[in-house]
Amino acid sequence: MNKTRLFKKSLLAVTISLATQQAMAAGFQLNAQSATGLGRAFAGDAVIADNAAVMSRNPAAMALFDKMELSLGFEAIMTDIKVKNATYKTHVGPAAGLEQNADYNDAGGTSIAPNIHLVVPVNEQFAWGVNAYSNFGTRTDFGSNYAGGEYGGETEILSANFGISGSYRIDSQWSIGAGLDLIYGQGTLQRSLSSGLGGTNVIDIDKADGFGVGFNVGTVYELDENNRFGLSYRYSPTITAKDGDKEIKLPLPDMAEFSGYHRIDNTAFAVHYSVQYIGWSAFDKLEFKNQSIDVKPYEWKDGWHYSIGGTYFLNRDWTLRAGYMYDTSAQDKITSVSVPDSDRQWLSAGFTYQIDEKSNLDFGFTYLMGKDVQVNESTRPEGSPIDVSSISATTKADAILVGLQYSRSF
């Protein structure tokens, strides 16, 4: 009897570890700060400063405004996640050796990420701003009857970043800025054993949440009115998420970005680009409290975004834009059925419609294409010489992102 309880307790701990790890793998970085940026694959977004949303990428860029600016909008993220050529196998109990088809065609979902940004110039040197937007937001649901319930289940990650920033113009070319971020995170994780292992719920974490504090700094260099560069760095904290007496510490990645913007002389065209570093290697382990496992090691690698875009100022009322991004995967040796990750390509387009001299409307659209990834996962309780189950599959995750935004100067 004691051995049976120990086995179930160990199995629960391993499943919790896998589920949490997969939830964070699903938490691919959301670029959801603005519809304007979405329409150009966020190329040049740390320096373009065509509305107040730029403060979320580089606080120093607030120095480029001479009027109070407000931007508010939302981004809808619709994911298409497929699991194919999948086989789930039970290794213990009465169903040992049983293989089941574990294909799943629609594990994705829709997430809505709102945003609001306000920049307030005080004088020619100083400006301050506040904003709120989402850093992560994704959801996968394999349903209650999925063959490999300990690998699928339901995963939902929500977050909100509340920031306050300030900028200072040193001279006609150099500006600097800094800000503080209060980050709220919330997660839901539902996992159950397959019918061959009893079909019981092994994890039921409902809206575990917590806060963390980070900061960001940046600088802008203006070569002239048509050419400028931006560099920024964001420190992200470790968030301690709690659900009752359960506690999980989740480290978030630091980020650094370099952007350039160049409007071609005597034309209606501009080109812009960005290179962004994301420190996903911070996920060297997960730490638990009041659970059967204290630490779960795993390996992620740092990620990069490379984006390039163009803007065409069609006339006084319409501005058109497009962009391309190559986004590298955070996962390395450890991959996941629950929330697949891979290198991705972004194809983006958007426009601005000038309503009047002080207000405009932005629309952005991106089609995000992932790659096929081979996944092999297994569950082995601590101290056991064999796995209790395993799954092998090919996963693919695509997405459509749509953004709408209203901006006004005062």
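Trainee: In the protein chain, what share of the contacts with a separation of 6 or more comes from residues 24 or more positions apart?
Mentor: The model is a predicted one. Among contacts in the protein chain with a separation of 6 or more, the part supplied by residues 24 or more positions apart is 68%.

Trainee: How many helices and how many strands does the protein chain have?
Mentor: The elements are DSSP runs, numbered from the N terminus. On that basis the protein chain has 2 helices and 21 strands.

Trainee: Which residues is Thr-395 in contact with, leaving aside its neighbours within four places in sequence?
Mentor: Thr-395 lies in strand β21. With a relative accessible area of 1%, Thr-395 is buried. Beyond its neighbours within four places in sequence, the residues in contact with Thr-395 are Lys-82, Val-83, Ser-336, Val-337, Pro-340, Lys-371, Asp-372, Val-373 and Val-375.

Trainee: Asp-372 also takes part in a salt bridge; which residue is the partner?
Mentor: Side chains of opposite charge can pair when their charged atoms come close. For Asp-372, the N to O distance in the salt bridge is 3.5 Å, and the partner is Lys-84.

Trainee: How many residues apart are Asp-372 and Lys-84?
Mentor: The salt bridge between Asp-372 and Lys-84 links distant parts of the chain. Asp-372 is in the loop between β19 (359–369) and β20 (373–379), while Lys-84 is in strand β1 (residues 69–90). The separation of the two is 288 residues.

Trainee: Why does Asp-372 count as partly exposed, and which class does Lys-84 fall into?
Mentor: Buried means under 20% relative accessible area and exposed means over 50%, with partly exposed in between. Asp-372 counts as partly exposed because its relative accessibility is 44%. At 35%, Lys-84 counts as partly exposed.

Trainee: Are Arg-344 and Asp-327 buried or exposed?
Mentor: Arg-344 forms a salt bridge with Asp-327, and the closest N and O atoms are 2.9 Å apart. Arg-344 lies in strand β18 (residues 344–354) and Asp-327 in strand β17 (residues 318–327), so the pair ties together parts that are 17 residues apart in sequence. Both Arg-344 and Asp-327 are buried.

Trainee: What is the relative accessible area of Asp-398?
Mentor: Asp-398 forms a salt bridge with Lys-396, with 2.9 Å between the closest N and O atoms. Lys-396 is partly exposed, at a relative accessible area of 25%. Asp-398 is buried, because its relative accessible area is 12%.

Trainee: Which elements give two or more residues to the lining of the second largest cavity?
Mentor: The second largest cavity has a volume of about 170 Å³. It is lined by 19 residues, of which Ser-56, Arg-57, Arg-234, Met-255 and Gln-276 lie nearest its centre. The elements that give two or more residues to this lining are β8, β9 (227–235) and β12.

Trainee: Phi of Phe-42 is positive; is Phe-42 buried or exposed?
Mentor: Most residues other than glycine have a negative phi. Phi of Phe-42 is near 60 degrees, and Phe-42 is in the loop between α2 (35–38) and β1. Because its relative accessible area is 1%, Phe-42 is buried.

Trainee: Is Asn-266 buried or exposed?
Mentor: Phi of Asn-266 is near 60 degrees, a positive value in a residue other than glycine. Asn-266 is in the loop between β12 and β13 (269–278). At 85% relative accessibility, Asn-266 counts as exposed.

Definitions and conventions. Residues are numbered from 1 along each chain as its sequence is written. This is a predicted model: local features need pLDDT of at least 70, side-chain atom pairs count only at pLDDT 80 or more; totals for chains, interfaces and linings use all residues. Side-chain values use heavy atoms; hydrogens and water are left out. A salt bridge is a side-chain nitrogen of Lys or Arg within 4 Å of a carboxyl oxygen of Asp or Glu. Helices (H or I, at least four residues) and strands (E, at least two) are DSSP runs, numbered from the N terminus. Buried means under 20% relative accessible area, exposed over 50%, partly exposed in between (1.4 Å probe, protein chains only). Contact means heavy atoms within 4.5 Å. On a 1 Å grid over the protein atoms alone, a cavity is a set of points where a 1.4 Å probe fits but cannot get out, and a pocket is an open set with protein on both sides within 12 Å along at least five of seven lines; lining residues have an atom within 4 Å of a point. Grid points are joined across faces, edges and corners, and a volume is the space filled by probe spheres set on the points.
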